[in-house]
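Hi,

Here is the structure I promised to pass on. Have a look, and then read my notes below.

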Amino acid sequence: MALRIATRLPRLAIVGVVLLLASATLAVGAAKRLTAVPNGAPAPVAVATLVVPDVSGQAFVFAKGTLEDTGFAWQVIGSVHGYAVNNVASQSPPAGTRVRDTGAPTISVTLKRTPYPEKGNPEDVSPYAGTSLQPVGVKTTSVTPVAPVPAAPKRAQAKPQAKPATKVEPKVAAPTERPPAFVVAGAPTEPLKEMALTQRAELLSAWIGTHSKTKANVRHYLYQHSWIVTGAAFGWWHGAEALRKLIAVDRVAQQRWGIGKKSQLVARKALADVEARTK
C-alpha cells in the first residue's frame, strides 16, 4: 500500500502544479477585465441631439409646423405677433445648430408683417411647453470629403445574354406649374416642392381615419388644417377643392375625436372667401 502511494506522488504533484497555474491565469485575466473600466465607471452614453431647421423667410403658419414636426417648441419675440400670414424675419439659434434633445427645445423667432391682413388670434408660443435649449456644437455647413477607395482589379465576366425588350409605360409627369386661383398682394408663391393642397387634404383624410386621438396627433391635424386654409386664402392652386375635402375631414374628426367643429367653421369661412374671389 505504501509502495503504491509512493509511486503516485509525482503524478499528484504534477496535477497540482497544473491546477495552480490555471487558477493564476484565470485570476490575471479577471483582473485585466476588471481594470478595463477605471474605478468601475460605466461606458459613456451617446447624447441624443436635434438639428435646428431653417425657417427664416417662411410664412409663420408653415414655420411653426416645421419646428413642431422636427421636435422643437417655439416662441415669438418682438413687437410683431404670431399671425399665420406674417413671415419669419430671424430665428435663434440659426439653422444647422445641433442641440441636446431635452424634450422640446425652444426656438425663438422674430416676425415681420406682410401686406396680407392679420386675422384671428395670434399664437406667440407653441401649444405645448418648451424645454431648455442646450447647444452641443458649432453650426457647420461643410461636408467632410471621404477618401476614395481604390477600385478592385476588374475580373473578366461572362457576357450577359440579351434580354427581350419590355414595353415601358409612359409616366405622367407631375405638374411643374400650379397657376394660382387668384393673386393676393404680398402672399407667398405656392412652393412646388410641397404637395398640392388637394393632395394634402386627401392624405389627412386617410390619416385621421386610422389614428386615435393623442396630443401629438391633434397637433398634426391642426397643423395640416392651418396649412390648407392658409394656402387656399393665398390663392394657391385648387384651394377651393382642397377646402371642400378639408371640411369632410373635420366631420370625421368630430365623429372620431370629438373635436373639429371650430376648425370646420374656419374652413367654411375660408371656402366662402375663396369662392367669392374666383367668381
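Which helix does Thr198 lie in? Thr198 belongs to helix α3 (residues 197-208); helices (H or I, at least four residues) and strands (E, at least two) are DSSP runs, numbered from the N terminus. Thr198 is buried, at 11% relative accessible area (buried means under 20%, with a 1.4 Å probe and protein chains only). Leaving out residues up to four places away in sequence, Thr198 touches His238, Glu241, Ala242 and Lys245 (contact means heavy atoms within 4.5 Å).

A caveat before the rest: this is a predicted model, where local features need pLDDT of at least 70 and side-chain atom pairs count only at pLDDT 80 or more, while totals for chains, interfaces and linings use all residues. Residues are numbered from 1 along each chain as its sequence is written, and side-chain values use heavy atoms, without hydrogens and water.

Now the helix pair. α5 (residues 239-257) packs against α6 (residues 261-278) at about 165°, with the axes 9 Å apart (axes are lines fitted to C-alpha atoms, for helices over the stretch in contact, and angles run from 0 to 180 degrees between N-to-C directions). That makes the two roughly antiparallel (over 145 degrees). Among the α5 residues meeting α6 are Leu243, Leu246 and Ile247.

Then there's an open sheet of three strands, ordered β2-β5-β3, with mixed pairing (two strands pair if DSSP finds at least two bridges between them). Its edge strands are β2 (73-76) and β3 (87-92). β3 runs antiparallel to β5 (residues 106-112), joined by five bridges; Gln91 has Val109 as its bridge partner in β5.

Cheers

Technical notes:
Angles under 35 degrees count as roughly parallel, over 145 as roughly antiparallel, 65 to 115 as roughly perpendicular and the rest as oblique. Buried means under 20% relative accessible area, exposed over 50%, partly exposed in between (1.4 Å probe, protein chains only).
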